[in-house]
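Let's take a friendly walk through a protein model together. Have the sequence and the 3D view ready, and follow along one piece at a time.

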Amino acid sequence: MSNWIYSIIISIYQAGFSVASLWNRKANLRVKGLKAQRRNYKHTKSDKQSPSVLIHCASMGEYQQAKPILDWILEHTNYDIQLSFFSSSAHDAIPTSKRITKYYLPVDKKSAMSLFLDFINPQIIIIVKNEWWWNMLSVIAKKQIPTYQISATIRKEHYFIKHPISFFRTRLQVFKQIFVIDQGSLENLKTIFIGNITIAGDSRKDQVLKIKQHAVPNVFLNRKKVIIFGSIWSSDIDTIIDIIKFTPGYIHILFPHEVGQKNIDTIKYNFKNIQLINNLNEISEIQNNVSSNNIYLVTKMGILKSAYCNASLAYVGGGYGDGIHNILEPAVFNIPTLIGPNYTKSNEAINLIHQKCVLVIKTKNQTKIVVDKAINSSSVVKIKLEQYFTQVESTTSIICKSIFAEKNI
């Protein structure tokens, strides 16, 4: 009965997504990409000679969590990587190579999943973070493909924890091992999953530590007061305006979460003297010519995570909307970080708030107090964050050594 209801929901979702693709660019790209992919099933045979690992990432955030795992596999094993995405933006942004191919994850119907897995023929499947496609898990069980979940965050609010019916219990048993990020996730998962659960931490720590290792500060910005506003939405603008007002001696650099023209125009409208740049090197030229300007909008994707190395203070967007974005990216550079109040789905935010390394601006009246507190605590925050990123064994090592211990690598 539960499977029947779930399949109906998926069919309704598929129909709605197809309708949305008529005007939504991302949906349209996914629909077209899946059609082209299905044509390959009929006319092309997967020519993989080496064994392969399917790593499924919903979007770019999950890919960043998977990246250290992916790099380890390529370096230490003879397995090729097959990436699957739900998001078109992530699918289109990730490069391929001789050992890396990419696909769209099909709609979660048993027939579609079966065709897809037969075509790519993975020997191992790794599902990143909180992705539960129940028909996919059923197909995997029938095909007996060793499957793992990594960087899972299991909260009491998850529907299958609140309603632990046999449908969810049965499908979860396909996982040979689930790697969770903390003790709370382990305890919650134990109420429904009887298999192997390992606390491995968050692989994003490994990723941001690698980014820090290769980040090169901008020469002009060195030793200047810089605030970087990362992954911002329109809902963040009022708070950003206040932060800028209370930090007049700083250079302010804004990175929108999306660089579409509509979003750029919205930000430009709210910051009259803002300068548009493609990279941080352009700032020195503008500063030399217009000494009064100190607000910049970066219109190029992909450079935010390393740009944080120039900041003395950071603001991470999303906290006045669906939820904050990756706060580990600025935190790894040992700087105080400001966020909005919607952070409860982020375990790392909760941990760092407790340590007073991340500060929350809940209301407009609190902005100046919180900003001043962040600026004055920078030396203490630096020490705490250095300790936070010190690991006895990396998450990547724990996960990969466990998955590939019995494999011929």
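**A walk through the model**

Leaving aside its neighbours within four places in sequence, Asn-347 is in contact (heavy atoms within 4.5 Å) with Thr-153, Ile-181 and Asp-182. Before we go further, a word on where all this comes from. This is a predicted model, in which local features need pLDDT of at least 70 and side-chain atom pairs count only at pLDDT 80 or more, while totals for chains, interfaces and linings use all residues. Residues are numbered from 1 along each chain as its sequence is written, and side-chain values use heavy atoms, with hydrogens and water left out.

Back to Asn-347, which is found in helix H16. Helices (H or I, at least four residues) and strands (E, at least two) are DSSP runs, numbered from the N terminus. Is Asn-347 buried or exposed? Its relative accessibility is 16%, so Asn-347 counts as buried. Here buried means under 20% relative accessible area, exposed means over 50%, and partly exposed lies in between, using a 1.4 Å probe and protein chains only. Helix H16 covers residues 347–354, and its buried residues are Asn-347, Glu-348, Ala-349 and Leu-352. What covers them includes helix H10 (203–214), helix H15 (328–331), strand E14 (358–360) and helix H18 (378–388). Just after H16, look for Lys-356, which takes a positive phi of about 65°.

Now turn to the sheets. Strands of a sheet pair through backbone hydrogen bonds, either parallel or antiparallel. In this model, two strands pair if DSSP finds at least two bridges between them. An open sheet of seven strands has the order E3-E2-E1-E4-E5-E6-E7, with parallel pairing. Its edge strands are E3 (100–104) and E7 (196–199), each of which pairs on one side only. On average, neighbouring strands of this sheet are turned by 20° against each other, direction ignored; axes are lines fitted to C-alpha atoms, for helices over the stretch in contact, and angles run from 0 to 180 degrees between N-to-C directions.

Let's zoom in on part of that sheet. Strand E5 (residues 147–152) and strand E6 (residues 175–180) run parallel and are joined by four bridges. Thr-147 has Phe-175 in E6 as its bridge partner, and Tyr-148 stands opposite Gln-177 in E6. E6 also runs parallel to E7, again through four bridges, and here Ile-178 stands opposite Ile-197 in E7. Five of the six residues of E6 are buried, so E6 is largely enclosed by the rest of the structure.

Another open sheet of seven strands has the order E10-E11-E9-E8-E12-E13-E14, also with parallel pairing. Strand E10 (275–277) and E14 stand at its edges with a single partner strand each, so one side of each is left without a neighbour in the sheet. Neighbouring strands in this sheet are turned by 25° against each other on average, direction ignored. At the E10 end, three bridges join E10 to strand E11 (residues 295–298), and the two run parallel. Leu-276 stands opposite Leu-297 in E11. Helix H17 packs on the sheet, touching strand E12 (313–316), strand E13 (337–339) and E14, and its direction makes about 170° with that of E14.

Which residues of strand E8 (residues 226–232) are buried? Seven of the seven are, so E8 is largely enclosed by the rest of the structure. E8 pairs with strand E9 (residues 251–256) in the parallel sense over five bridges, and Ile-227 stands opposite His-252 in E9.

Finally, let's see how helices meet. Two packed helices are described by the angle between their axes and the distance between the axes. Helix H11 (residues 237–246) and helix H17 (residues 367–376) pack at an angle of about 60°, with their axes 10 Å apart. That makes H11 oblique to H17; angles under 35 degrees count as roughly parallel, over 145 as roughly antiparallel, 65 to 115 as roughly perpendicular and the rest as oblique. Asp-242, Ile-243 and Phe-246 of H11 make the contact with Thr-367, Lys-368 and Val-371 of H17.

The axes of helix H5 (residues 110–120) and helix H6 (residues 134–143) come within 9 Å and cross at roughly 50°. H5 and H6 are therefore oblique to each other. Among the residues that make this contact are Met-113 and Leu-117 of H5 and Met-136 and Val-139 of H6.
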